[in-house]
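Good morning, everyone. I would like to walk you through one structure today, so please have a look at it before I go on.

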Amino acid sequence: MADAAPDLALPTAAFLGVSRSLSGRAWRQRPAEVSVVRAHMQTLGLEEPMARALAARGVEAEAGADFLTPTLRALFPDPSSFMDMDLAAGAVVDALQSGASIHVFADYDVDGASSAALLVRWFRTFETDLPIYVPDRLTEGYGPSARAFDTLKARGADLVITVDCGAAANEAVAHAAAIGLKVVVIDHHMMREEPPACLAVVNPNRPGCNSGQGNLAAAGVVFVLLAALNREARKRGLFEGRTEPDIRQWLDLAAMGAICDVTGLTGFNRALTSLGLGVMSHWRNPGLRALMAAAGAETGPAKSNHAGFILGPRINAGGRIGKSDLGARLLSTDDPDEARMLAQELDALNLARREVEAEVTEQAVRRVEATGAHADDSAMVVVAGEDWHPGVVGIVAGRLRERWRKPVVVIGVDAVNGVGKGSGRSQPGMNLGRAVQAAWQEGVLIAGGGHAMAAGLTVAADRIDELRAFLNDRLSGERAEAVAQDWVEVDVLIDPRAATRDLFESFERLAPFGPANPEPLFALEGVQAREPVAMNGGHVRCRLVGPDGASVRAVAWRCGDLPTGKALLAGQGGLNLVGRLKADDWNGRRGVQFEIEDVADPRMV
């Protein structure tokens with residue numbers, strides 16, 4: 001820190017003196033350049049805490065207005081800046097004009113479903129049906145395969161557009177070419193230097209692509225493709241006597257992909273998401289509206305949590321433990337009755353998924369803690385179990401990553417064929433996707449890939465120990481830096497009396513939140529947890545009471561058996577806490593709730 005620029009408001013000591021919290025992390029105030037803070041205060045009329053939070057998120061002085069009020073006009077990229085975008089648009093419109101049979105091949109998650117629905121809706125404006133093919137997670141695995149392309153060819157497909165997959169499917173795409181099937185790939189995942197040999201590969205993370213839009217989800221890339229398709233169709237006169245589709249009406253689908261794929265919400269991607277939530281707030285998409293009803297949720301103004309915690313898990317449930325195409329069908333249908341039927345099925349599958357997830361999580365925690373594989377000297381954790389459902393291993397990996405603050409790979413092994421399907425989630429500063437790709441290149445894996453924060457893999461059961469050793473060795477050099485980066489970064493110190501709805505709403509101007517734009521964290525000093533209640537799922541509810549007697553309702557998730565939860569349940573006083581403010585509208589109270597992120601006991605730091 002001593003080498004920092006003089007204008008950088010970096011902390012010289014741990015925030016509130018917390019060098020090690022009950023979760024093992026240090027706290028600091030989020031760093032911000034003083035000159036940028038002043039500029040935001042002057043040009044945007046912001047109070048210092050809000051201006052500081054904006055600067056701390058890397059928003060330069062000249063970019064503040066676009067960040068707080070993002071617009072497509074200011075931030076939409078030129079579609080031609082994406083490698084192969086013009087080729088893709090030309091190939092798709094060629095097929096449309098010639099009457100060729102076009103099919104979309106989608107991944108089975110929210111991003112894939114949203115991407116497919118965007119294309120279906122664009123083609124529908126030309127009175128053309130676009131059949132959707134989504135591979136079954138259990139029997140086909142992730143992405144295109146020779147078998148899938150054979151099936152599509154037998155169904156009469158002439159052109160297949162892959163969305164949210166395909167960028168690394170070189171062998172499968174080569175097979176498609178061999179059987180006379182044309183392919184256009186639209187993706188955002190990390191890929192090899194050599195792209196699949198097909199008509200076009202559009203991927204902002206493709207080596208050599210200079211779009212600067214690498215934080216987009218696949219749905220964002222498809223949204224740009226729709227603009228390119230409009231431009232190409234307009235150039236060919238296809239809108240003569242026909243209304244050109246206004247792609248802004250489908251921004252809600254682009255937002256779903258961006259939020260649920262946990263992408264960096266900055267720049268154009270922030271505009272897509274922010275404006276998409278505005279479109280979503282009208283709940284015109286029959287599938288989204290029906291899914292909210294099935295979940296028993298109110299359809300008011302849409303927030304990120306609607307997409308990430310209510311809609312997303314239910315759409316994903318189809319691909320995880322049910323029928324893989326349910327989500328894409330839900331988002332693309334205009335039939336309210338079909339939407340209601342699909343939404344009810346997805347809601348039921350989500351309930352079943354939660355039960356399976358809880359069981360696998362419990363087994364995985366017991367297995368790891370019994371062996372000590374999560375100890376401080378390990379760079380990451382690999383845990384496997386027979387017949388763990390491959391549809392939940394990614395969620396479980398995310399839960400365990402939160403618990404142990406290091407990358408985790410969870411593998412479900414098929415006891416019959418001796419093959420494990422795994423999914424991993426990483427820690428900032430540790431590139432799990434690159435490590436998994438290296439394991440595949442070294443022959444340790446049958447298949448594998450991903451990006452920095454998430455990866456998927458297939459491995460022979462008798463090579464899991466080898467994989468564990470390989471990944472730990474590969475990531476060990478990144479561990480120290482990741483630990484150094486694992487600060488709890490605080491935006492503002494407040495007291496319980498200041499935790500008001502007005503404060504919450506003032507910081508909501510920074511929303512939507514996600515990677516690269518974290519939700520504001522508030523600190524409370526010297527409070528006591530009163531009336532603590534242990535809830536199902538390991539959650540803890542309480543009231544946080546300050547020295548002056550003022551209090552705020554609070555909740556801490558999945559921590560009942562951890563030091564943080566135990567301190568809250570013991571009703572300890574004099575605690576320092578960091579957390580987020582959330583709206584609390586129960587029974588019309590229009591208040592806030594403090595969602596606890598971390599707890600520190602000053603007597604132990």
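Predicted model: local features only at pLDDT ≥ 70, side-chain atom pairs only at ≥ 80, totals over all residues.

Let me begin with an open sheet of 5 strands, which run in the order β9-β10-β11-β13-β12 with mixed pairing; strands here are DSSP runs of E of at least two residues, helices are runs of H or I of at least four, both numbered from the N terminus, and two strands pair if DSSP finds at least two bridges between them. At the edges stand β9 (381–386) and β12 (447–451), and because each has a single partner strand, one side of each is left without a neighbour in the sheet.

Residues are numbered from 1 along each chain as its sequence is written, and side-chain values use heavy atoms, with hydrogens and water left out.

Within the sheet, β11 (residues 419–425) and β13 (residues 454–460) pair in the antiparallel sense over 7 bridges, and Gly422 stands opposite Leu457 in β13.

Turning to the cores, a nonpolar core is a set of buried Ala, Val, Leu, Ile, Met, Phe, Trp, Tyr and Cys residues joined through side-chain atoms within 4.5 Å, where buried means under 20% relative accessible area with a 1.4 Å probe, protein chains only. The largest has 79 residues, and Phe123 and Ile161 are among those with the most contacts inside it; helix α9 (residues 218–235) gives the largest share, 11 residues. A second, separate core of 42 residues includes Leu503 and Phe513.

Notes: Buried < 20%, exposed > 50% of the residue type's maximum accessible area, 1.4 Å probe, protein only.
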